[in-house]
Amino acid sequence: MKLLVLFSLLLLIPFSSLYSTTLAQAPVAAPSKPIVQALSQSPSSSDTSDSSPDDLIRILRKAKSFNILIRLMKTTQLINQLDAQLITIKSGGLTIFAPDDSSFSNLKVGFLNSLADNQKIELLQFHVLPTYVSSSNFDSLSNPVRTLAGDNPDRLQLNVTAYGNNVNISTGVVNATITGVIYSDKVLAIYHVDKVLLPLDFFKPKPPAPAPSPSIAPKTDNDNSSADDSLGTSKDSSGAWSLTSSLGTTLVSLGFSLVALVIISS
């Protein structure tokens with residue numbers, strides 16, 4: 001009997017060892033991969049990791065080729081207004097269309113110098129929208145689009161059309177295209193455009209100035225004295241004629257009287 005129990009135990013030892021080895025060699029489940037992959041940065045966007053939305057000049061300098069735009073923003077002092085808006089803004093944001101140096105070079109020679117100071121400010125304001133527009137929301141804009149220069153369609157017409165990834169801007173004078181993103185966050189967006197956006201009002205013929213109304217020159221003292229002299233002369237002449245006429249009548253009457261006396265005496 002003891003031998004039978006001992007024999008049964010010896011048979012169970014190999015099976016228990018085999019079971020333990022099988023459990024120890026069971027593979028560990030691999031971690032599941034994430035379903036959504038991280039979006040890559042747009043190749044047209046500049047690296048803005050060390051840029052801040054309250055320093056437009058630093059952003060444009062880092063993007064390069066925007067020296068003329070930077071100079072105009074400084075000389076017109078528009079940069080101070082935009083920086084202040086970005087610091088104090090609570091909603092809406094700003095969208096800037098930035099032409100590069102080559103775009104300004106393609107303008108007619110002397111065009112910028114021919115503009116008055118207020119026109120230069122209006123030209124730059126025409127490139128700024130008083131709201132933030134992401135690159136995917138241009139098709140939601142209503143034309144004509146309002147700019148910092150105003151929304152008068154007769155003077156400041158700005159129409160934006162988006163077809164897929166292409167965004168075109170028309171002013172009635174030029175047709176420009178957005179060629180890339182310079183900077184973008186939740187408040188500020190700066191887009192590179194291939195042409196300077198020229199307002200239609202800058203090229204409308206100006207109405208001629210009204211002709212001045214004819215003015216009557218006041219009479220001078222000489223004119224008055226001449227008139228008085230003329231009037232006095234007329235009066236004197238009239239008086240002299242009256243005296244001569246009266247004297248002639250008297251002499252004629254006297255002559256008739258003498259003839260009458262001679263006839264009576266005869």
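Leaving aside neighbours within four places in sequence, which residues is L112 in contact with? The close-up views of this predicted model begin with that residue.

**View A. Surroundings of L112 in the largest nonpolar core.** Beyond its neighbours within four places in sequence, L112 is in contact with I68, L72, F104, L107, K120 and L123. The core holds 33 residues, and L112, L188 and I190 touch the most other members. At least two residues of this core are supplied by each of helix 2, helix 3, helix 4, strand 1, helix 6 (111-114), helix 7 (117-125), strand 5 and strand 6. Helix 3 gives the largest share, five residues. Another core, of 19 residues, lies apart from this one and includes V167, I169, A189 and L197.

**View B. The buried side of helix 2 (residues 56-63).** Four residues of helix 2 are buried, namely L56, I57, I59 and L60. These residues are on the same side of helix 2 because they cover an arc of only 160° around the axis. In an α-helix, residues three or four places apart point the same way, because there are 3.6 residues a turn. The elements that cover the buried residues of helix 2 include helix 3 (67-75), helix 4 (78-88), strand 1 (94-99), strand 5 (175-184) and strand 6 (188-193). K64 follows helix 2 and has a positive phi, near 70°.

**View C. Strand 6 and its pairing with strand 1 and strand 5.** Strand 6 is largely enclosed by the rest of the structure, because five of its six residues are buried. Six bridges pair strand 6 with strand 1 in the parallel sense, and A98 has H192 of strand 6 as its bridge partner. Strand 5 and strand 6 run antiparallel and are joined by five bridges. H192 in strand 6 stands opposite G180. Between strand 5 and strand 6, which form a hairpin, there are three residues.

**View D. The hairpin of strand 3 and strand 4.** Strand 3 (residues 159-163) and strand 4 (residues 166-170) run antiparallel, with five bridges joining them. V160 is placed opposite I169 in strand 4. I169 is also among the members of the core of 19 residues, as is V167. Two residues lie between strand 3 and strand 4 in this hairpin, and G164 in the turn has a positive phi of about 65°.

Key
Residues are numbered from 1 along each chain as its sequence is written. This is a predicted model: local features need pLDDT of at least 70, side-chain atom pairs count only at pLDDT 80 or more; totals for chains, interfaces and linings use all residues. Side-chain values use heavy atoms; hydrogens and water are left out. Two strands pair if DSSP finds at least two bridges between them. Buried means under 20% relative accessible area, exposed over 50%, partly exposed in between (1.4 Å probe, protein chains only). The arc is that of the directions from the helix axis to the C-beta atoms. Contact means heavy atoms within 4.5 Å. A nonpolar core is a set of buried Ala, Val, Leu, Ile, Met, Phe, Trp, Tyr and Cys residues joined through side-chain atoms within 4.5 Å.
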